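Me: I would like to go through the salt bridges in this structure. Could we begin with any that are linked together?

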Amino acid sequence: MRVLQIGVGGVGESVAKLAQLRDPHADWLERLVLADYDEGRATAVAARLGEERRFPAVKVDATRPEQVEALIAEHKPDLLMNLVEPKYNAGLMDVALECRVHYMDSGSVSSEPHPTDPYCQIGVLLGSRQWEKKPQWDESGLMALLGFGVEPGMSDFFARFAEKHLFDEIDEIGVRDGADLRIPGHEGPLFGFNVWSTIEECLDPPIVWEKERGYFTTAPFSEPETFWLPDGIGAVEMVNVEHSEPVFIPRVIGKGLRRVTFKYALGEEFIAALKVLRTCNLHSKRPVRFRDGELVPLDALAAIVPSPADTGLAMIGKTAAGVWVKGRKDGLERQVYLYQVADNEECVDRLGCQAVVAQTAFTSLIVWELMAAGRWDYPGLRTPEMCDPDAYVGLMAAHGFAPGLLEMDSAFKSAADQARIAELVAPIGS
């Protein structure tokens, strides 16, 4: 299998390192082309991998379709993997379709707030500019796999897994994410992920889906709740944040589903900093006049904030990503939390990268492996919950990111389900 990867930031480097560790002898991944606007960054990553023929570094401008087309013609990839900011997704999808290669990304094209009622009504729905391409991709016979990261990605697979194996009826699905990551002695907030994407999703109006109302929005940082995270992280306060899962999940998951949310534990200090950015309009994506040219405030901010790829290496602690599901099994009330916890120091030692980007990277690699083995045949445009979750969940532990199942307080406690998930998450083919 050959892959052209556009974007070699923190997640992109993590994907490449995980690929090398998982397939050291190139049994199924023949070549991974590392393409980035910053050629020096791509070259440095290729040098650290030490296999520059298998992991060649090249320069590309993702806004120039002809450059991406030229790389596809030269390297003849089976898949175009998009790991740049979501604002480039629609254009790269078009290039992949035109060149007849499969497409995958890990996030959604940005929403646009409602012009007069942004905290109640949807303007342009998150990801809609990609979803509208579904007829062309479905007709093509090629795969366009949208949102194959950790959230979205793993979270959506977990939602589908819960529907398939753990519940007879589902009332609510909530993605719940938090961490206790910190740098000893450091003061002030830290970014654990792409600065541009983090600011955008935290300050855009969060999306909620309810069966009676459909999609609607709320104010940023709304509906705070305390949620307990496993593996020593403990109780954290979570708030609504804009994300893809409330858009993706209700399109597929049934069994009476009534509500879908996404909440993240941002912390009081980080929320306060975000509110200052919003007050100063530094989160704006619209160009402003600056001296003799134009400047996009959010682009400028992302360029000067310390890179999470660097600060993350000094962090200690763990990060948890997962899905809380509430419903009924065998007539009894049930709540579970399906999750994955990554330890930052372990990720740095094993991969040379921090935990948040490592978590974001492994889903795409699992699906690559399944594609190369002929075990992933989902033509057309799909999000993760539109695919069977078992093969994916079954390979998580083998890739170094074992899943967990927390049976929360409810009337239902089932040793049979514990045994079932243990069977499913065992490495396939071992």
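Reply: This is a predicted model. Glu172, Arg176, Glu210, Glu223, Glu225, Arg259 and Lys263 are joined in a network of salt bridges.

Me: How many salt bridges does the count come to?

Reply: The count comes to 29 salt bridges.

Me: Let us turn to single pairs. Which side chain meets Arg48 in a salt bridge?

Reply: Glu13 does, with an N to O distance of 3.0 Å. Arg48 belongs to helix α2 (residues 39-49) and Glu13 to helix α1 (residues 10-22), so this pair ties together parts that are 35 residues apart in sequence.

Me: Is Glu13 buried or exposed?

Reply: Glu13 is buried, its relative accessible area being 16%.

Me: What about Glu369, which side chain does it meet?

Reply: The side chain of Glu369 forms a salt bridge with that of Arg22, at 2.9 Å from N to O. Glu369 sits in helix α14 (residues 355-372) and Arg22 in helix α1, so the parts tied together are 347 residues apart in sequence.

Me: And how accessible are those two?

Reply: Glu369 counts as buried at 14% relative accessibility, whereas Arg22 is partly exposed at 29%.

Me: Moving to the strands, where do Arg328 and Glu169 lie?

Reply: Their side chains meet in a salt bridge of 3.3 Å, N to O. Arg328 lies in strand β15 (residues 318-329) and Glu169 in strand β7 (residues 169-179), so the pair connects parts that are 159 residues apart in sequence.

Me: Why does Arg328 count as buried?

Reply: Arg328 has a relative accessible area of 18%, and buried means under 20%. Glu169, at 39%, counts as partly exposed.

Key:
Residues are numbered from 1 along each chain as its sequence is written. This is a predicted model: local features need pLDDT of at least 70, side-chain atom pairs count only at pLDDT 80 or more; totals for chains, interfaces and linings use all residues. Side-chain values use heavy atoms; hydrogens and water are left out. A salt bridge is a side-chain nitrogen of Lys or Arg within 4 Å of a carboxyl oxygen of Asp or Glu. Helices (H or I, at least four residues) and strands (E, at least two) are DSSP runs, numbered from the N terminus. Buried means under 20% relative accessible area, exposed over 50%, partly exposed in between (1.4 Å probe, protein chains only).
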